[in-house]
Amino acid sequence: MAKCKYDWPDAGQRHLIGQRIKRIDGPAKASGKAKYTFDINRPGLLYGKIYRSPYAHAKIKSLDVSEVKSSPGVKAVKVIQDAGTEIQWAGDEIVAVAAVSEQAAEDALRKIKIEFEELPFLVLDDDLSLAGDRAKPAGEQKSGDPEKAFSEPDLVISEGFYGTPVITHCCLESHGTVSEWSSDGRHLTAWVSTQNVSGIPAELGEAIKTPATDIEVICDYIGGGFGSKFAIDRWGVVNAQLAKETGKPVKLLLDRNMELEVAGARPSAYAKVKVAAKKDGTIVAWESDSWANGGLSGGNMPPIPYVFNIPNKITRHKALVTNIGGARAWRAPGHPQAAVLTICALDDLAAKLNMDPIEFFSKNAGLTGERAEIYKQELQKAAELAEWSKLWHPRGDKRPGHIKRGLGVSLHTWGGRGHNSNCNVTVNPDGSVEVALGSQDLGTGTRTVIAITAAETFGLRVEDIKVNIGSSKYPASGASGGSTTVGGVSASTRRGCVDALDQLLATVAPSLGAKPEDLEAVGGRIQVKGDSSKSLTWKQACQKLGVRSIQTTGKNPGQCSLGSSGVGGVEIADVSVDTETGIVKMNRMVCAQDCGLIIDLKTAESQCLGAMIMGITYSLFEEKIMDQQTGRMLNPNMEFYKLAGIGDIGELVVHMMTGPGYDERGVIGLGEPPVISPGAAISNAVANAIGVRVPTLPITPEKVLAALEKGGMA
Amino acid sequence: MNRRKEREPRRDEGLSRRDFLRGASVAVSGGLLVTEPVSAKAAPPPEVLGPGEVPISLRVNGKVRKLNLEPRVTLLDALRDKLDLTGAKRVCDRGTCGACTVIMDGKPVYACNILAIEAEGREIVTIEGLSKGDALHPVMTAFVDNDAQQCGFCTPGFVVAAKAYLDKHPNPTLEEIETGLGGNLCRCGTYAGVRQAVLEAAKSLKGGRG
């Protein structure tokens, strides 16, 4: 079969793709030289601060900022929401100020005169009986005949309650911007901590009535996003306005408490689940009553039942409307919740069937659809790496002592098709190569993947490629969300580079006495295929361009399929639970993950390792704890909004599924999938250890002890 | 003159929690017991600094830097905003996450929990002081080699903490590293790489010392 010209090289022809290659911006980050938005210092810089609502639901009765304006060091004051406005969550923006120092700005905001009329609010979500008419019916879906299926004889039926709370993104670099206008006030440079470099100018321009063409957005480095940094946000808009009014650059990055309180909440999800299987373990029916809290918009139903397309099912969902601040996409939106609600329920069913969960999930792999074989392979691989056959036991560690060990497994899925991406590729007569595109590197390795793709195509080294991203001046590339970046940027880069190489080969072919199609770029040379004696170094070849650089554009989507969509993935947790203290300790976690053709194995493995750690964190520690008395978040700081530390993670094992059967699918994104399973896997491991289910995440010592007591095990 | 000795917590009404914590940390490092009653009548009148800007000098990465700043400015903000040494990051801003770690008189400290005026007369080393031009410190090299970073925002704090830790503990075990670096937090989840990087850096530092 004739290959399409842009196709990825065959396995035997790849020199860089699929290797473990160090990230190219590693030295800049490790040495502290990488400049994030938070690090931008400009001459004459002013500092922005925001006065925020102390109430979860209130009407602003009166607002007087005259003393704020006259406070020392204040250069501009902007009312964001004026008297008469109804505030819907604590921490919502009301007044912004720009001053000569952060302290002066804080001093000024203390002089605000504001009166509120407090209104009723709801911030708790784990008890539907509190919700009244704030629990809005949000759909019933039915397929097959669940009533009939549940009434069949000889079924094993398991019923349970499962849930996971609202958590936040807790980006280490908080949200925010630095804005600076040109002296004529027409052009804005905005350093934005964003996952969406190319998309921000239009959004910001509309808000501040400035043509997008007059706005440059810069984000060389970003200190975490995880789905919370797609929009410019109200603070980004007001920052640009403060900068315009003062004629000075203004920096406004959220304080930590507001990063946690208003800059992103992952919706909760809770469900009562009933699930049935035949005695041989075949899953036949599902019924669930779920609810989710996503703030004012309520929370959507996670995709349940998850991964397994159970033939007879009915789902009923309620969206709970609360005053907790806005929900934002959180790495694999909806999926970690769906895994907890589904895979924990299925694990309880397997326990009731007295089946080994690996066997149970493998037996039902047919319900996963086209990736059934992949799941089977991943279940087997993960079980092997976790020493499942040696360490797993039926539910409840019966050995004496108060430390109980258990294993649990979960499965996940995600799309991850490459997004729209454009790039410019330049090959200069001096041999230098540049790839420029309006993308961003969230720490996933985007720069490195672009460099590897270009270097592989040109037969060069990774360090020979200059990668320019992080500015909206470069050709538009999609936002980095939903694991779409690697597929998008690698494909656009590949197409642009193949076209550039074609031009170079056409230029040098006469001097090698060959046709362009008989030449190849390999090992830093342009040579006649298979004959290195007829060759030019890359530099010699580029000199033949004279004074004219090659410039091409690459696009995705485009000709030849370089990627696809849809992955599986299996994770196994191995925990020890202290039944006296309730503390869960991670012994080991294993991840078997497919993502098609891997460009950089090193950063791919890092995505899985990081996702497992993030998963351990939300499984054991994280919760946005709301107080129904005050309407405020009780833990908007990093002492009490807990992240796992380096001593909390145990041993981590990653196995990337690669090679024949995987590589042919082309490039598929990886950021989301491995973060999905940890909640269910860890919850299942705890249940396997102590013999009872801890129904909701995070699995805190208090909840472990409560579950033991309820189960009569304490 | 050591201003730290004379400093006491501010006693204006309307102390924020943050101001209070900072005031308290001054008192502790100045040798006062926090339990000691702060009585205006009994104590000799303290030297009052501020609230306006005061001149101070900081010794950072071997250079003396003269600054004017309000006494309430933290060492972290002074480094970042006044000296453009932005490697130390502001994340939790209250001594929890370690992203602002710098070395003061040989010890790793949270720069967000120290006032700039407290740091006068101390020897401060930031991440910028650990590399020479493009030449990375061995700890940095180990972080790059082991991909002990993703977004990279916590990384400088980890590198400085690891360097300071290895100075005192040149042969750490994995468990010791987990304790020694327990004061730094990462959100992307780079701990697996960090553990390997610190083990590897320990080896290369010993090799370097011959």
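**View 1. The order of elements along chain B.** From the N terminus on, chain B runs α-α-β-β-α-β-β-β-α-α-α-α, which amounts to seven helices and five strands; helices (H or I, at least four residues) and strands (E, at least two) are DSSP runs, numbered from the N terminus. The model is predicted, and local features need pLDDT of at least 70 and side-chain atom pairs count only at pLDDT 80 or more, whereas totals for chains, interfaces and linings use all residues. Residues are numbered from 1 along each chain as its sequence is written, while chains are lettered from A and ligands numbered from 1 in the order in which they are written. Of the 210 residues of chain B, 49% count as buried, a residue being buried if 20 or more other C-beta atoms, placed from the backbone, lie within 10 Å of its own, exposed if 12 or fewer do, and partly exposed in between. Among contacts (C-beta atoms, placed from the backbone, within 7 Å) in chain B that join residues at least 6 apart in sequence, 59% link residues at least 24 apart.

View 2. To their contact, domain 1 of chain B gives 13 residues and domain 2 of chain B gives 11 residues. On the side of domain 1 that touches domain 2, the elements giving two or more residues are β3 (101-104) and β4 (107-110) of chain B, and the largest share, three residues, comes from β3(B). This side of domain 1 of chain B divides into eight nonpolar, three polar and two charged residues, where Ala, Val, Leu, Ile, Met, Phe, Trp, Tyr, Cys and Pro count as nonpolar, Asp, Glu, Lys and Arg as charged, and the others, Gly among them, as polar.

**View 3. The side of chain A that touches chain B.** Here 44 residues of chain A are in contact with 47 residues of chain B. Helices α1 (26-30) and α15 (601-620) of chain A each supply at least two residues of this side of chain A, and α15(A) provides the largest share, with nine residues. By class, the residues of the side of chain A that touches chain B are 21 nonpolar, 14 polar and nine charged.

View 4. Not counting residues up to four places away in sequence, A:L341 touches A:Y162, A:A269, A:A271, A:V273, A:S290, A:P302 and A:I304. Helix α8(A) is mostly covered, with 17 of its 18 residues buried. At 1.5 Å a residue, the 18 residues of α8(A) (residues 335-352) should span 26 Å, which agrees with the 25 Å between its end C-alpha atoms; the expected span is 1.5 Å times one less than the number of residues. After α8(A) comes A:N354, whose phi is positive, near 60°.

**View 5. Helix α6 of chain A and the residue that follows.** Because 10 of its 14 residues are buried, α6(A) is largely enclosed by the rest of the structure; among the buried residues are A:W235, A:V238 and A:L242. The 14 residues of α6(A) (residues 233-246) should span 20 Å, and its end C-alpha atoms are 20 Å apart, which agrees. The helix α6(A) is followed by A:G247, which has a positive phi near 70°.

**View 6. An open sheet of three strands in chain A.** The strand order is β4-β2-β6 (chain A), with antiparallel pairing, and two strands pair if DSSP finds at least two bridges between them. Strands β4 (86-87) and β6 (113-118) of chain A stand at the edges with a single partner strand each, so one side of each is left without a neighbour in the sheet. Strand β2 (residues 58-64) of chain A runs antiparallel to β6(A) and is joined to it by six bridges, and A:S62 stands opposite A:E115 in β6(A).

**View 7. Strand β17 of chain A and its pairing with β16(A) and β7(A).** Eight of the nine residues of β17(A) (residues 312-320) are buried, and the strand is mostly covered. With β7 (residues 135-143) of chain A, β17(A) pairs in the antiparallel sense over seven bridges, and A:R316 in β17(A) is the bridge partner of A:E140. With β16 (residues 283-293) of chain A, by contrast, β17(A) runs parallel, joined by nine bridges, and A:L320 in β17(A) is the bridge partner of A:N293.

Methods:
Two residues are in contact if their C-beta atoms, placed from the backbone, lie within 7 Å.
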